[in-house]
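Good morning, and thank you for making time on the agenda. I shall present one structure today, and I ask you to keep it on the screen while I speak.

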Amino acid sequence: MSRVDDPIRFVGSQANIVALVRDAYAAGRTVSVVPAGRDKAESLAFFAEILDFPAYVGHNLDALFDALRDRVQRSPHEWELIWDATVELRANDPAAYDGIVTVLRDLAAEAPTVHATVVSR
């Protein structure tokens, strides 16, 4: 799952979400925690709701990438994006899980101010 050169971090069920957030704040980053949904549609809806995407943003992986990229380009700050509670989505819809991981990986690879963490619990 995670490679040595992977621009995103994967943590397991023992991860302390409060510690992850505190560490990111201590590093001077803004922090967003987005839970995974039960399926792709719910997961994309959580990203849109929590990150306050404009209403015109579509509900597909390309639109997710574009909306995340727009957010990064508008902010001069380093950003920690924590995608939490991904186990159920990964079990129920592995293609959606993999697709969102790919979006986060591509975003983090393109934008060095983005620090993405996937929490498997």
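This is a predicted model: local features need pLDDT of at least 70, side-chain atom pairs count only at pLDDT 80 or more; totals for chains, interfaces and linings use all residues.

**Threonine 86 and its surroundings**

Let me begin with threonine 86, which, apart from neighbours within four places in sequence, is in contact with Ala36, Tyr97, Val118, Val119, Ser120 and Arg121; contact here means heavy atoms within 4.5 Å. Residues are numbered from 1 along each chain as its sequence is written, and side-chain values use heavy atoms, with hydrogens and water left out.

Threonine 86 sits in the loop between β3 and α4 (87-92). Helices (H or I, at least four residues) and strands (E, at least two) are DSSP runs, numbered from the N terminus. With a relative accessibility of 1%, threonine 86 counts as buried; the classes are buried under 20% relative accessible area, exposed over 50%, and partly exposed in between, with a 1.4 Å probe and protein chains only. Between threonine 86 and threonine 117 there are 31 residues of separation in sequence and 11 Å in space, C-alpha to C-alpha.

I turn to the sheet. In what order do the 4 strands of the open sheet lie? The order is β1-β4-β3-β2, and the pairing is parallel; two strands pair if DSSP finds at least two bridges between them. The edges are taken by β1 (8-11) and β2 (30-35), each with a single partner strand, so one side of each has no neighbour in the sheet. On average, neighbouring strands are turned by 20° against each other, direction ignored. As for axes, they are lines fitted to C-alpha atoms, for helices over the stretch in contact, and angles run from 0 to 180 degrees between N-to-C directions.

Strand β4 pairs with β1 through 4 bridges and with β3 through 5 bridges, where β3 covers residues 79-84 and β4 residues 114-119. Valine 118 in β4 is the bridge partner of phenylalanine 10, and valine 118 is also the bridge partner of tryptophan 83. Helix α3 (residues 61-74) packs on the sheet and touches β2, β3 and β4, its direction making about 150° with that of β3. Helix α2 (residues 40-50) lies across β2 and β3 and runs at about 150° to β2. Of the 6 residues of β4, 5 are buried, so this strand is largely enclosed by the rest of the structure.

The next topic is the interior. In soluble globular proteins, nonpolar side chains tend to be buried together. A nonpolar core is defined here as a set of buried Ala, Val, Leu, Ile, Met, Phe, Trp, Tyr and Cys residues joined through side-chain atoms within 4.5 Å. The largest such core holds 32 residues, of which Phe47, Phe53, Leu68, Trp83 and Leu104 touch the most other members. Each of β1, α2, α3, β3, α5 (94-110) and β4 supplies at least two residues, and α5 gives the most, with 8. A second, separate core of 8 residues includes Val11, Ala24, Val31 and Ile82.

Beyond its neighbours within four places in sequence, its contacts include Val34, Phe47, Leu89, Tyr97, Leu104 and Val118. At 0% relative accessibility, tryptophan 83 counts as buried.

How many aromatic pairs are there? There are 2, under the rule that rings of Phe, Tyr and Trp (its six-membered ring) pair if their centres lie within 6.5 Å, with planes under 30 degrees apart counted as stacked, over 60 as edge-to-face and the rest as tilted. The rings of phenylalanine 47 and tryptophan 83 have centres 6.1 Å apart and planes at 40°, so this pair is tilted. Phenylalanine 47 lies in helix α2 and tryptophan 83 in strand β3, so the pair ties together parts 36 residues apart in sequence. For tryptophan 83 and tyrosine 97, the centres are 5.7 Å apart and the planes at 25°, so this pair is stacked. Here strand β3 is linked with helix α5, across 14 residues.

Finally, the backbone. Most residues other than glycine have a negative phi. Aspartate 52, in the loop between α2 and α3, has a positive phi of about 55°, and at 64% relative accessibility aspartate 52 counts as exposed. Alanine 85 has a positive phi near 60° and is partly exposed, with a relative accessible area of 31%.
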